[in-house]
Amino acid sequence: MVDSRDISEELKTPVYFDEDADLQVLAGPIAVIGYGNQGKAQALNLKDSGLEVVVGNIHDEYCDLAKRDGFEVLDIREAAVKANIILFLIPDELQPSIFEEQIKPALKKDKVLCFASGYNITFETISVRKDVDIILVAPRMIGRGVRESYVNGKGFYTFIGVHNNASGRAMDVALAIAKGIGSTKPGGAVLEVTFRQEAELDLFNEQCFGPAFGQVLTCAVDVAIEAGYPPEVVLLELYMSGEFAYTAEMIAKMGTLKQLELHSPTSQYGSMSRGMRYASPELREAMKQSLREIQNGSFAKEFAAEYEMDLEILDDMKEMAQDIPVVYFDDAVRKKLNKNRE
Ligand code: NDP
């Protein structure tokens, strides 16, 4: 167990704010490759921060959207040739082949390749020449939130990192991009991490925290329905009303313990007096096993094989999940409750 009282030595991660970043280091056009969730939001924010942005995308509706939003849109390779700083914002699983075919030929000394995820560098599915800066600017926020925060003058949290510092100023560039996309506006901050930390923790969140929580929800729904409570009422009580989502938001804003003050004494006493019943050594062991598979690269290998098979196993697992009560009741309950909203 981590000793929670001895924390001063633990908090060593460098944190940066607006005054630490300088947009002047971003000379010349920036290529945003991909105009999806992150691409669109980051391209618009960089443009609104006064920076020159060109979008690299294949010719389809995302391309038309980027043109409508006022961008010059080029083929991916042309955009990568034109810019010194390249933000690689297409899905991680597609990056290795697109990198080989279109980005790699455009890279030359002193260019900067910026990722929004540490995955492909950490698990060595992309390897880049040594005289190029390789940096990470990974918002902890979905694309829509990145744009909405910027428009509302609010900052958000972003991880930045440097994998290759050929120019000697890679960290300054990463910080400036984080500022350009709006992360350092009021309320935001930038934390320095390694590519490995970002990639592994992101997977840890997806493979441990998220699904463990999913199992808790599944179990709670089963127990309550089995005990005779009506499914509509159970689903509404546990998550569908949005009350739980609000509590999660308050945990982020106020802290796990402090947000308890928003709840009644009955709720506080009940939750604290019963909480330890669910602290399970098996859960801890299962999380450690998943983390080991992330750290030793076996998950990345397994996923690469699954991707080669067109995500066949994933499709099967989604099919099987249809039989879980929380899933099959969800649709029906939603339809019944949302009648007036359609
Ligand atoms: P999206 O799925 O939104 O990316 C879509 C973009 O990728 C579109 O421009 C699409 O173009 C392009 N694309 C898809 N297939 C191809 C292809 N075969 N060839 C060329 N271009 C293609 O990605 P995200 O924005 O979700 O993720 C981008 C990066 O940001 C990833 O590294 C991700 O890990 C990271 N990230 C994502 C977050 C999120 O909230 N989603 C949060 C933080 C980081 P088209 O459809 O026109 O082909």
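Colleague: How many residues surround the ligand, and which are the closest?

Modeller: This is a predicted model, in which local features need pLDDT of at least 70 and side-chain atom pairs count only at pLDDT 80 or more, while totals for chains, interfaces and linings use all residues. Residues are numbered from 1 along each chain as its sequence is written. A residue is near a molecule or strand if its C-beta atom, placed from the backbone, lies within 6 Å of it. Here 22 residues surround the ligand, and the closest are Gly36, Asn37, Gln38, Tyr62 and Ser117.

Colleague: Which element gives the largest share of the shell around the ligand, and what is the shell like by class?

Modeller: Helices (H or I, at least four residues) and strands (E, at least two) are DSSP runs, numbered from the N terminus. The largest share of the shell, three residues, comes from α1, and both α1 (37–48) and β7 (133–139) supply at least two residues each. For the classes, Ala, Val, Leu, Ile, Met, Phe, Trp, Tyr, Cys and Pro count as nonpolar, Asp, Glu, Lys and Arg as charged, and the others, Gly among them, as polar. On that scheme the shell has twelve nonpolar, eight polar and two charged residues.

Colleague: In which sense does β5 pair with β2 and with β6?

Modeller: Two strands pair if DSSP finds at least two bridges between them. Strand β2 (residues 30–33) pairs with β5 in the parallel sense over four bridges, with Ile33 standing opposite Phe88. The pairing of β5 with β6 (residues 112–115) is also parallel, over four bridges, and there Ile85 stands opposite Val112.

Colleague: How many residues of helix α10 are buried?

Modeller: The count of buried residues among the twelve residues of α10 (residues 243–254) is zero. The expected span of a helix is 1.5 Å times one less than its number of residues, and α10 reaches 16 Å from its first C-alpha to its last, close to the 16 Å expected. Just after α10, Gly255 takes a positive phi of about 115 degrees.

Colleague: Is Lys301 buried or exposed, and why?

Modeller: Lys301, in helix α13 (residues 298–308), is exposed because 12 other C-beta atoms lie within 10 Å.

Notes. Buried ≥ 20, exposed ≤ 12 C-beta atoms within 10 Å, placed from the backbone.
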